[in-house]
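Good morning, colleagues. Please look at the chain on the screen with me for a few minutes.

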Amino acid sequence: MDKDFWIPIIKSRCIRYGDFTLHSGIKSTWICDLLVLLPSFPALMLELKPSNFPLVGIEFGGALLVTMAYPTTSGIIRKDGSTYNIPRYKKLTLVDDVVSTESSFLDAKEYLEASGYEIVEYLAILDRRKEENKTLIIRSLITAEDLGLE
């Protein structure tokens, strides 16, 4: 499997159209609800081919991704900065399901770096950032452009 396998599945099952306000506060005419693919989260994580650094999922979607794929070796960071089961290693990979503005990644990075961790990789299933919002290098399985969306 690869992104060409996942694109039609995500387009047909996860994309919803309407008037939405994203977690970042941005208005959008579409959202991607990856939770409908919950049983496939371990396969989606394998597609991302994470490095060998411990995975920390950002609440909510990222946390589900990592704990379903790697239940005994992954941690969670919540929106308020509190953590659960963060590995003792000082280098970590941050994971989220969908990235629109990087704000969740930047907030989690700030909290974790304040505790002495280094973020060495950022992963997301869907990257829907606009060019002007790209400050981090985030490796994703698919992009909004892959889905034919802006």
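In the hairpin of β1 and β2, with 5 residues between the strands, G25 takes a positive phi near 95°. Strands here are DSSP runs of E with at least two residues, and helices are runs of H or I with at least four, numbered from the N terminus. The model is predicted, so local features need pLDDT of at least 70 and side-chain atom pairs pLDDT 80 or more, while totals for chains, interfaces and linings use all residues. Residues are numbered from 1 along each chain as its sequence is written, and side-chain values use heavy atoms, with hydrogens and water left out.

Strands β1 (residues 15-21) and β2 (residues 27-32) run antiparallel and are joined by 5 bridges; DSSP must find at least two bridges for strands to pair. I15 has C32 in β2 as its bridge partner.

Let us stay with β2, where S28 lies. Is S28 buried or exposed? S28 is buried, with a relative accessible area of 9%; buried means under 20%, exposed over 50%, and partly exposed in between, using a 1.4 Å probe and protein chains only. Beyond four places away in sequence, S28 touches G18, D19, F20, L22 and R128, contact meaning heavy atoms within 4.5 Å. The side chains of S28 and R128 are joined by a polar contact of 2.7 Å. Such a contact is a pair of N or O atoms within 3.5 Å; within protein, one must be able to donate a hydrogen and the other to accept it, and residues adjacent in sequence count only if both atoms are side-chain atoms.

Finally, in helix α3 (residues 61-69), G61, G62, A63, L65 and V66 are buried.
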